[in-house]
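Thank you for sending this structure over for a reading. My comments are set out below as numbered points, and I would ask you to keep the structure open beside them as you read.

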Amino acid sequence: MEKELSVFKTGQTNDAYAKFFTGQSYLNMLSLEQVVVGNVTFEPGCRNFWHIHHAKSGGGQILLCTAGRGYYQEWGKEAVELNPGDVINIPAGVKHWHGAAKDSWFQHLAIEVPGVDTKNEWCEEVSDKEYNKLK
C-alpha cells in the first residue's frame, strides 16, 4: 500500500490471521504492553470472520474507527456502518464481525480490553450473500 490512511501506519500484510479474513488486511501492532492495541487496515471488501472474545471477567474489544468506511455486525442484528470517529464497544461473549465496505478502504484501532482468561474464538466466514446486502 503506497498511501497511509491515517496517522497510524498501515503495517504489513496480516499473514498470521489471513485464514480468518475474506480479502486482504494489514496489521500494525501499536502496543503490546498494558493494553494491546493494533491498527487494522482492510482493503475494499475485506472483512474478518464471525468471532467471539471470551473472558471469565472483563475482556471484549473496543474499535476506534480512524479512516474509510466499514461495517460492524453482531449476530442476530443489522450491520452498522462505521466512519472515522465512530467507537464500538464489544462486550466479551458477543459474536460479531467487522470490515471494510465494498467500495472503500477501512481502518480501525482494535483495543483488547483486559480481562481474566481471555481468548478469541473464530467462527464461520461472513457469507458473500450476507455481505453483498450491505451498501
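The points that follow begin with the whole chain and then turn to individual residues.

1. A word on the kind of model comes before anything else: this is a predicted model, and every value below should be read as computed from that prediction. In it, the chain has one helix together with 15 strands. The radius of gyration is 14 Å, close to the 14 Å that the globule rule gives for 135 residues, so the chain is as compact as a globular protein of that length. Taken along the principal axes, the C-alpha atoms fill a box of roughly 40 × 35 × 25 Å.

2. How much of the chain is buried? Of the 135 residues, 42% are buried.

3. Among the contacts in the chain with a separation of 6 or more, 71% are between residues 24 or more positions apart.

4. Ala 110 is found in strand 13, which covers residues 106-112. Its relative accessibility is 11%, and because buried means under 20%, Ala 110 counts as buried. Once residues up to four places away in sequence are set aside, Ala 110 touches Val 36, Val 37, Gly 38 and Val 40, and also Gln 61, Ile 62 and Leu 63. Ser 57, on the other hand, is 53 residues from Ala 110 along the chain, and the C-alpha atoms of the two are separated by 19 Å.

5. Ala 92 lies in a loop, the one between strand 11 (87-90) and strand 12 (96-100). With a relative accessible area of 29%, Ala 92 is partly exposed. Leaving out its neighbours within four places in sequence, Ala 92 is in contact with His 53, His 54 and Ala 55, and with Gly 58, Gly 59 and Gly 60. Ala 92 and His 54 are 38 residues apart in sequence, yet from C-alpha to C-alpha they are 5.2 Å apart in space.

6. How many disulfides does the chain contain? The count comes to zero. Cys 46 is in no disulfide, and the nearest cysteine sulfur, that of Cys 65, is 14 Å away. For Cys 123, the closest cysteine sulfur is the one in Cys 46, and at 17 Å it is too far for a bond. Cys 46 counts as buried, with a relative accessibility of 0%, and Cys 123 counts as buried too, with a relative accessibility of 18%.

7. Two backbone angles deserve a look. Gln 34 has a phi near 60 degrees, a positive value in a residue other than glycine; Gln 34 lies in the loop between strand 3 (25-31) and strand 4 (37-42), and it is exposed, with a relative accessible area of 82%. Asp 117 is likewise not a glycine, and its phi is positive at about 50 degrees. The loop that holds Asp 117 runs between strand 14 (115-116) and strand 15 (119-122).

Methods: Residues are numbered from 1 along each chain as its sequence is written. This is a predicted model: local features need pLDDT of at least 70, side-chain atom pairs count only at pLDDT 80 or more; totals for chains, interfaces and linings use all residues. Side-chain values use heavy atoms; hydrogens and water are left out. Helices (H or I, at least four residues) and strands (E, at least two) are DSSP runs, numbered from the N terminus. The radius of gyration is taken over C-alpha atoms; the globule rule is 2.2 Å times the number of residues to the power 0.38. Buried means under 20% relative accessible area, exposed over 50%, partly exposed in between (1.4 Å probe, protein chains only). Contact means heavy atoms within 4.5 Å. A disulfide is a pair of cysteine sulfur atoms within 2.5 Å.
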